[in-house]
Each structure stands twice: as C-alpha cells, then as structure tokens.
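My notebook is open, and I am looking up a few things one at a time.

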Amino acid sequence: MSLHEWAVADAIVSSLVNFCSSRGASRILKVEIVYGEAMEYNLEVLRDAVEYLSKGTPLEGAEIVFKEEKSIFRCNACGAKWDIAEAERLINRALKVEEEGEGFESPLHFIPELASSLMRCPKCGSPDVEMVEGDSVRVSKVVMG
Ligand SMILES: [Zn+2]
C-alpha cells in the first residue's frame, strides 16, 4: 500500500466534498481527475482509496475517470522545452546511472520535485529549469446530481 496515493485521494475527496456542499448539491455523479505522467501513480490504489474515502459522502458511487497528462519541462533561461523521456536521460546522466544497470529506476518516478534540481537545460546548460505541465493531480471535471 502506498501512502502517497492515499494522501492524494484524501485531498481529492475532501476538496470534492467541500465543493459539493458549497454548491448545495446533494451528490456527485462523475469526476474526472487529471494527473501528470511524472507522478507515476498506481491508479488502482488511487481509485480504491478514493472509493473507500468516499463512503458516506456525496461522492459515494460516483464514476471516477483518470486522465494522464504529459509532463513538460522548461528552461527559464532560454525557453527550451523537453519531455519526460529527455528529462530521464538528463537525470540519468547527472546521476551517472548505468544504462544497462538493473534494479534501479530513475528517481523522477518517486520524487518529481527532485527532477528540476538534478537537471540542467539540454540546450544552454542553465540549472534554472522547472516542470511546467503535468506536475500535479487535479480535478478537471465534476458532474453533480
Ligand atoms: Zn536553456
């Protein structure tokens, strides 16, 4: 069991319950949740956690749809942008990870926040880089009954 997914599920459920009561709606029929690919959530765990925490709330029984969003990195110095595959190459290079090494995964999967501190821009070499898209999980659509 991953605590990370449960923490995310808890945040999602409580924000939806608050949203629902602020609108005076009695129940939520459908929810769409967008998450960045860099987050690497276990969707089965996340779905189970959301369903479990929804019990007894207006969210109980709602249809839950997950959508993955591309993660994009940007250099603040020159404006270059790159995707997660390039980011992993840059990080592996920074950490001197052996390409053929087994049993080691890029830390990007576990700590997306760490990514920007390990990377330098592939174009100009600036360390001033950040993840500008796909760095979070958010509710993108709510259908209330
Ligand atoms: Zn740059």
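The contact draws on Glu-5, Trp-6, Val-8, Ala-9, Asp-10, Ile-12 and Val-13 of α1, and on Val-45, Leu-46, Ala-49, Val-50, Leu-53 and Ser-54 of α2. Contact here has a cut-off: C-beta atoms, placed from the backbone, lie within 7 Å.

I noted that this is a predicted model, where local features need pLDDT of at least 70, side-chain atom pairs count only at pLDDT 80 or more, and totals for chains, interfaces and linings use all residues. Residues are numbered from 1 along each chain as its sequence is written.

Next I checked the whole chain, and I found 4 helices and 6 strands (DSSP runs, H or I of at least four residues for helices and E of at least two for strands, numbered from the N terminus). Along the sequence they follow α-β-α-β-β-β-α-α-β-β.

Then I picked Met-144, which sits in strand β6 (residues 137-144). Is Met-144 buried, exposed or partly exposed? I get partly exposed, because Met-144 has 17 C-beta neighbours inside 10 Å (20 or more others within 10 Å would be buried, 12 or fewer exposed, and partly exposed is in between).

Last, I looked up who meets Met-144. Leaving aside neighbours within four places in sequence, its contacts include Cys-20, Arg-23 and Ile-28. Ile-28 is 116 residues from Met-144 in sequence, yet their C-alpha atoms are 4.3 Å apart.

Notes. Contact = placed C-beta atoms within 7 Å.
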